[in-house]
Every structure is written in structure tokens, then in C-alpha cells.
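Let's take a walk through this protein together. Have a look at the model first, and then we'll go through it piece by piece.

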Amino acid sequence: MVEPLPPDVAATLRALLSGSDPVSGALLAQVPHARVVGRCGCGCATVELEVDRTAAAPAPPHDNPAVEAGYTHPNSAGVMVCTEAGYLSLLEIYSVADEPVSAWPDPRRIER
């Protein structure tokens, strides 16, 4: 399964990668070249990503997850951007409650 990046996933990535550091900038430049290649089986909104490596450069060395933040509304949840070899590989959302978060919350509600 390969599909274009849905608008809600792209908006969430852009919000999470809005920092001025070199890692965020490099990962943000990859967003237009990213595609969804998998989804979590639990019913949450988590997506596995693949970037066209001929169209974007890798990010400089960094920790993984590259970004971690959270939401408190409408659900208490955490969100992480993970990478592999400097390229976007996963946008994960996890619930701090029992139910998986099945849709991406408004990216303006991200709390760093």
C-alpha cells in the first residue's frame, strides 16, 4: 500500500517540524516527497512513511524520535516523528487512555 500524504498528516508534520533547527528544516523539506506506506493495525492514526530519497536530502544526525509533543484536547495523546537514516519514517500518535486516537487532532493544538 502506497498512498499520497493525506492533508491532516502533512499539516501535523508541518506543525511538528516548524522549528528553526537544521534537523527540523531538513525533515520539513522532505514532507512534499513523503508517502504513506503503512498504517498501524490498532486503529490509531499512526502512519509509516517513505520519502523519495532522490528528491530530498537526509537530515543531519539527530536523536530518535526527532520530535515529540502532545495534545490535551480533544484527547490526551502524544505524537512522535521518527526517522530512519535521516528520512521521515513514522508519524505516531498514542493515547494515554485506553482508546486509540483514530484521527489527527488539529495541529494548532500541539503542545511542545
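## Ground rules and layout

Helices and strands here are DSSP runs, numbered from the N terminus: a helix is H or I with at least four residues, and a strand is E with at least two. This is a predicted model, so local features need pLDDT of at least 70, side-chain atom pairs count only at pLDDT 80 or more, and totals for chains, interfaces and linings use all residues. Residues are numbered from 1 along each chain as its sequence is written, and side-chain values use heavy atoms, with hydrogens and water left out.

With that sorted, the protein chain has two helices and six strands. Read from the N terminus, their order is β-α-α-β-β-β-β-β.

## Overall shape and surface

The C-alpha trace spans about 40 × 30 × 20 Å along its principal axes. The radius of gyration (taken over C-alpha atoms) can be checked against a globule rule, 2.2 Å times the number of residues to the power 0.38. For 112 residues, a compact globule would come out near 13 Å, and the protein chain has 13 Å, which agrees.

What about the outside? The chain exposes about 5900 Å², and carbon and sulfur atoms supply 51% of that; accessible areas come from the Shrake-Rupley method with a 1.4 Å probe, and for residues only the protein chains shown count as cover.

Is A85 buried or exposed? Buried means under 20% relative accessible area, exposed over 50%, and partly exposed in between (1.4 Å probe, protein chains only). A85 has 59% relative accessibility, so it counts as exposed.

Another loop, between strand 3 (47-51) and strand 4 (67-71), holds P65. A cis peptide bond joins N64 and P65, with omega at about 5 degrees.

## Inside the protein

Buried residues make up 42% of the 112 residues. In soluble globular proteins, nonpolar side chains tend to be buried together. A nonpolar core is a set of buried Ala, Val, Leu, Ile, Met, Phe, Trp, Tyr and Cys residues joined through side-chain atoms within 4.5 Å. The largest one here has 32 residues, of which L5, L13, L88 and L91 touch the most other members. Elements giving two or more residues to this core include helix 1 (7-16) and helix 2 (22-30).

Contact means heavy atoms within 4.5 Å. Leaving aside neighbours within four places in sequence, L13 is in contact with L5, V31, L49, V81, L88 and L91. T12 is also found in helix 1, and it counts as buried because its relative accessibility is 0%. Not counting residues up to four places away, T12 touches Y71, L91, W104, P105, P107 and I110.

Take E3 in strand 1 (residues 3-4): beyond its neighbours within four places in sequence, E3 is in contact with R35, V36 and R39. At 23% relative accessible area, E3 is partly exposed.
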